[in-house]
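Have the structure open as you read.

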Amino acid sequence: MEEPCGAGAAAPLRGDAEEPKQGSVLFLGGNEVKSCAVVKYSSAPPQAAFARLQEKTDLKLPPANWLRESAKLGPAGTTILGNSKKSKPFSSFGMAYDFIDSVGNDVDVVSDSENIKKLLKIPYSKSHVSMAVHRIGRTLLLDELDIQELFMRSSQTGDWTWLKEFYQRLIDQKWQRKKKSKEHWYQKAILSKFLYYSINGDGAAQPVPSTSKQHQEAPVAGESDEAGRASWPAPFEMPSSLSEDPGASNQGLKNDFVRNILWTFEDIHMLVGSNMPIFGGGRYPAVSLRLRDNNKPINVLTGIDYWLDNLICNVPELVMCFHVNGIVQKYEMIKTEDIPNLENSNFSTKVIKDIAQNILSFLKSNCTKEGHTYWLFKASGSDIVKLYDLTTLCEETEDKYQNPFTMPVAILLYKVACNMMLKKNQNKKHYGTIRTLLLNCLKLLDNGRHPQIIASANYMLSELFQLDEPKKEDSADFPINGNSDESYSEEEEEMPDSDENGSYSNSSDPPDDNKAVAIIKSVGELSVPEKYKSVHRIRPSCAFPVCHGTEERCRLVLNHVLEGLKSVDSSVKKEGDLPAADPSTPIPLKYEDESTSGGPESLEKQMALFLDKMGSFQKGKHSSQSGMIPGSWQYKMKLQLILKSSRAYYVLSDAAMILQKYGRALRYIKLALQCHDTYCCLCGSMLPEVLLFLCQCLTLCGDIQLMLAQNANNRAAYLEEYNYQTKEDQEILHSLHRESRCQVFAWATDLSTDLEYQLSVSCKCYEAAYEILLFSNLKSQNPEQHIQVLKRMGNIRNEIGVFYMNQAAAVQTERVVSKNVSMTEQQLWKKSFSCFEEGIQNFESIDDATNAALLLCNTGRLMRICAQAHCAAEGDFKREFSPEEALYYNKAIDYYLKALRSLGKRDVHPAVWDSVNWELSTTYFTMATLQQDYAPLSRKAQEQIEKEVSEGMMKSLKYCDVDTVSERQPLCQYRAATIHHRLASMYHSCLRNQVGDEHLRKQHRVLADLHYSKAVRLFQLLKDAPCELLRVQLERVAFAEFQMASQNSSAGKLKTLSGALDIMTKTKGAFQLIRKELMAETEQISKDNSPAESMSVNDSSAGLNKEEVLKLLGIFESRMSFLLLQSIKLLTSSKKKIGGSSEEEAALRTNKQVYSLLLRATATKGLSLLERTELLLSLLEQLAPSEGSPGPQ
């Protein structure tokens, strides 16, 4: 809350309760002028009523209280009464620092009220005007630039010589200091005495006879030339206090005004400093007090002065005291709105408004370069107003700090940027403005003199680029064109208005004007309404740069970080003997190959050292090789810059990882960890977020090493990416090496060519990340990170386990026949098993049932490899299924069953569930097949073996899902068909070899028949297994022949024969498939002209094994021939004995005909495979209608 000046009580001190905001709208001379004044800060005491002096009071005599402190005056003392020295050259900066929120955004002008009045009186006054103008955002800062004062200083110190020479050359060749008259000092003295008389509490003036002439003739305190010169600081030797507090008062940057007022005049917002004394009394609660010589009438300039003072301070009334030669004559009360209409002081308020708008437009249109010092100059008696860019003129000299405004402007730019950065509700649309402020600040600063501000500004610039934003289009977050109120031209000046008056044209001006930025040819133009149109909304060219990708954004961050690091390093005293490293010389990156790497064992040691060091960080040990003092600004800033660079390199590494540039990713994560290493060396205590970030870095490093291991084919390209370094990276590393050796994480970031070493490094990275989470108590605070690390640990242990398992399998295949299991194999099994076991524990600890099941499945596979290693040589005729094989297969089964229990049900993860079921089925099938093919008869009875085979096969069938439609369904159907075929063959064999127990024989017969039927049905579902179907059917025929051999009656034999022939006819489907494939091959051959091609097609028959087909065809023809012959014999003898039925006669005829054709066909040589197949199909077609009994299916 702010209070308008003069609203009853005195304006509050800073921090006191303030009254509601009020304003005034005045109607003057028929023209409405809007004016609103709000006191932002006041150090004045409560307003006291003024004492009306008696007539004939002699103001030449000093009052008793003259120049003494008074309780009524308050702590401000003489300042309130206007006796302070004139405005300091940096007064606007002092106000700007105090009201930093208003600068660059809400306020158009910041200045002393005296400067505002001087500008608005330009068309009426012949006196000279000299002001410094600075632009900060959309705000202009105006300060008096006392040329005489400057040149006096130049004569003594040699400063400002460039401006003096320029002034003398172009503007006033015969310059000499103009001394102020005695009349000037006389008027100042009696005004001071008048004001002191006016504050006497009892209203009676008490003159004190002077015992010395000193009081009468000496100038008012603070008005001497010495005091005036003291207000100018030397061109900037920046004191240490300023580096910590840029608003240090000894630089003339203090806000010395009694009041800071936010004055809105029409549409112009100004922050104005005023020292005008305000008294209470009269009909209004506030009045201003003025002393006038009765012999001199009020002129326009004085009237404008009084009117603007009252308007700025919102004082409604003026009290005028008239005197003649220092003797009081009378008092007169004048309302503020009546001042423009006083006799001899008549002026138009509308014209004053136009002047204000024109001057502001002129300045805003031409003072476009932020950080530049502009000089608005009008020579005494001249009508021409010129604007010069002093910064450009100063740059022609050797030292830019010859311009004393350089440092205050730089600090103000920095402060405004800081203020905008610190606003919690700040959004990214302001980032372009902040960036421009900081870049312009950096242009003004010299690294040797202001390293702290340069380092801090660069850090803030790096902070503008968000590194942790989600991966999406970068440009979406930053508007390409900022709001024009927030944005202003950094480099380009606006072109002058091309209005018909050509006010900005300087083509006809004298040659000395070529140095001026802009010229007002006649002050009379300022009174013309809208002569200078408001073009201060400069087109935005400071929008935040659009980064076309993560790498570009990170590179911008690193560029600013590097500049900040250089600034910090240059300010640190080189006390120790630092290695004289050349930043332009690449720092070699260590490269490991399998011949030098110590393998996983040396990794363990490095890992232990790292964890030991991490523990020491917790105890608060730290050291800096460069000699930085902990707690110093260099120390704090370098820590922040290093951490920022570490994060930037992490983001770069992550981006390269996504692009599958794994060599580049490893290089960037190496740099990130080197930055982190340096941070750890410097930092006494590790913050939780820093430790969490280290955990993320190590996790990413583990990911990269794993990817490098899995993509060994591109190793050469990755090595090239890894060894490449930019100059920027080298210089950042050079700065890091000033503080530490950067070798703590070397074990994690070396590029090795050894696959096992890479996998081990990856695992160690995850383990290190996990250890950090454990000992820093971050596990509970960051459960997501904890889960991710454990998942990765489980995954890498699975990878390493598979690696050792595959190595063991490779050793097994290379092993010499009949040689026993080697120690190497056993060691590899142990390593693999250990990795799987640890991985399973990792996944189980985070309730990841699916991945735990996969690792259990892999452990089962390892057990099967162990079982295979224990089988005897294939060439050994005594080969039997060994107990070791049985042991490992059973272990494999146990792990598969555990995997199923881990999943619980298929819905958890159908694909994994189906995979585990398939592997379990395969294991049971393999074990049963081996027991069947290599029966351990030396250890077990035949019946026991048959029982175990049968159980194994049935369990395999249980886990073999033939019904669910999936890619694996045909495999499952084939497996089930094979199982039924094998079981049928086993029971068939048992039946052949068994003697005695008839019940058991009958049981075996039934089982054989059942499994043959199921095998046939399943093979018939498959369209790519005609040979298997044919083989099963032929075995069924053999089974029928075996049964027929044990039969005695002709009727029984005939029935069995009929059944066997029926089975033969059922093979028609298999032959049709064979014919289809053979015909397809024939067509393909006929299309190909080249014999070579036709041969290759013929030989590369994917779906048909021709040797197998030929073999089966031969058996089929012989068995068919045999069955037909036996059938003909039995039917003939039956006909002779009892006379056959018509059906039997038809069957006999058909059989004879088919048998005859078959004999002819087998006797004919040179028939192709396709012709033989087609012949058999035609015979089966003839045989089918005359089938006897349906026979088995």
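## The main core

The largest nonpolar core has 182 residues. By nonpolar core we mean a set of buried Ala, Val, Leu, Ile, Met, Phe, Trp, Tyr and Cys residues joined through side-chain atoms within 4.5 Å; buried is under 20% relative accessible area, exposed over 50%, and partly exposed in between (1.4 Å probe, protein chains only). Ile 136, Leu 163, Trp 375, Leu 412, Tyr 649 and Ile 669 have the most contacts inside this core. Helix α19 (residues 688-710) gives the most to it, with 15 residues. Helices (H or I, at least four residues) and strands (E, at least two) are DSSP runs, numbered from the N terminus.

Keep in mind that this is a predicted model: local features need pLDDT of at least 70, side-chain atom pairs count only at pLDDT 80 or more, and totals for chains, interfaces and linings use all residues. Residues are numbered from 1 along each chain as its sequence is written, and side-chain values use heavy atoms, with hydrogens and water left out.

## Zooming in on Ser 130

Ser 130 sits in strand β4 (residues 129-136) and counts as buried because its relative accessibility is 4%. Leaving out residues up to four places away in sequence, Ser 130 is in contact (heavy atoms within 4.5 Å) with Asp 143, Glu 144, Leu 145, Ile 147, Trp 375, Leu 376 and Phe 377.

Which side chain does the side chain of Ser 130 make a polar contact with? That's Trp 375, at 2.9 Å. A polar contact is a pair of N or O atoms within 3.5 Å; within protein, one must be able to donate a hydrogen and the other to accept it, and residues adjacent in sequence count only if both atoms are side-chain atoms. The Ser 130 side chain also reaches the backbone oxygen of Leu 145 at 2.5 Å.
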